[in-house]
Amino acid sequence: MVFEYDFSHRSEIPAVTRNQIKLLASSSYADSAKMSTADWEEVRRGGLGGSDIAALTGDSPFNTNWSLFMDKTGIVKSDLSDNWFRLKYGHYNEPLVAELFARKFGVRIINETGMYRHPELDFVRANLDRLAILPSGELVILECKTSNPFARSAWESGVPVYYEWQGRQYLAVINAILMKADLPPIRLVYYSALYGNTEDEVIFRKVEWDPQVEAEMLALERDFWLNHVVPRKLPVFNGTGKKLKELCISCRLELAELAESLGQEPPVVDENTRDVVLGQPEQAVYEEILVRDAAIKNLKAQIKAIEEEVAGLEVEMVTALGGHDSGILPSGVRAVLSSRNSRSTDMDALKEMYPEAYERCVSEKTSKSSLSFKKPTNAARKARAAEVA
């Protein structure tokens, strides 16, 4: 395992900090530096890591507890290939982001690649970015993040909540190891977040250890793992309706398999049409969808009417400019007329005139499935009525 710290060098670092470091250097159960991405994913699937917690709490913008459940049970295995660039970009920049933190605060960075687990809760895991020793001699956890200028605002009021949960998970695991050996806990997680391409475009934040919040988090993890993952029982969904719809459509085969394994009755299929025969509860759902769709159409009509009013007011503004491209209001706001150039590609012409280039550069993708309703024809209605009669 990579644990870059010179134990032979006796400096001003307190003895208690040296003992903390020595213990952690020998406490990991696996070495992520020696694993392929596929092997790391498989090991990670055996427990709950820092990046999983926000999905449990409902604070993740990326995952829900259902997607986490299906990954941990192996029903649907996560695929990192689509995010390969973002993951590699973050991983390759970790040393640079850590150095920015070290230069800013005069700390010693400890690079380590071990994977840790909670001594009492085997499924509670941690895979840190770095450890750091502050000038005071205190040992802290350092998380290295890379972002972009558009995401800077997420850090301005503090650590984004989904990253905060990650840090709290690491504190929970590492402190359980330390306190079991009668060593003091680590009290701080620092975040070094690079959002640009200069040394000034970085934000530093920290999260303090909170035993009460940690206890609530661990209780949530314990319930999820022991009452849902182990018995393969779906938890109550904690995401938005839109996310639930997308997940149910994309993973419908896996969810159907799961329902069958839990003893739920499979749907009745019409032998002639191969359609699933739905009942009155589903009919009621469909009618409620129609009511909601009508409400959406009504709101869109209202928006369109307001847009027409705005267009009329803009006509007054353009007229007031008297043929000029800009004007200034008493408030100092400038009214500006501008245009944008755009380009479009005639795909039919490209295919006809340059077929080889078209084949090399144009790819087709199957879109995600979506739910729609097709009303029966008059003939089908009459046939259905005859069957019911």
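Let's start at Ala 54, which sits in helix α3, residues 53-57. Keep in mind that this is a predicted model. From there we move on to helix α4 and its two packing partners, α8 and α9.

**Ala 54**
- Ala 54 is buried, because its relative accessible area is 3% and the cut-off for buried is under 20%.
- Setting aside neighbours within four places in sequence, Ala 54 touches Asp 59, Ser 60, Tyr 162 and Trp 165.
- Gly 90 is 36 residues away from Ala 54 along the chain, and their C-alpha atoms are 19 Å apart.

**α4 against α8**
- Helix α4 (residues 65-72) and helix α8 (residues 211-229) have axes that come within 11 Å and cross at roughly 60°, so α4 counts as oblique to α8.
- That crossing of α4 and α8 is right-handed.
- On the α4 side, the contact uses Asn 65, Leu 68, Phe 69 and Lys 72, while α8 brings in Phe 224, Trp 225, His 228 and Val 229.
- Sorted by class, this α4 and α8 contact has 5 nonpolar, 2 polar and 1 charged residues.

**α4 against α9**
- Helix α9 covers residues 241-250, and α4 packs with α9 at an angle of about 30°, with the axes 10 Å apart.
- That makes α4 roughly parallel to α9, because angles under 35 degrees count as roughly parallel.
- Here Trp 66, Ser 67 and Met 70 of α4 meet Leu 244, Leu 247 and Cys 248 of α9.
- The α4 and α9 contact splits into 5 nonpolar residues, 1 polar and no charged.

Note on methods. Residues numbered from 1 in each chain as written. Predicted model: local features only at pLDDT ≥ 70, side-chain atom pairs only at ≥ 80, totals over all residues. Heavy atoms only, no water. Axes fitted to C-alpha atoms, helices over the stretch in contact; angles between N-to-C directions. Helix = DSSP H or I, 4+ residues; strand = E, 2+ residues; numbered from the N terminus. Parallel < 35°, antiparallel > 145°, perpendicular 65-115°, else oblique. Left-handed = near helix turned anticlockwise from the far one by under 90°. Contact = heavy atoms within 4.5 Å. Nonpolar A, V, L, I, M, F, W, Y, C, P; charged D, E, K, R; others polar. Buried < 20%, exposed > 50% of the residue type's maximum accessible area, 1.4 Å probe, protein only.
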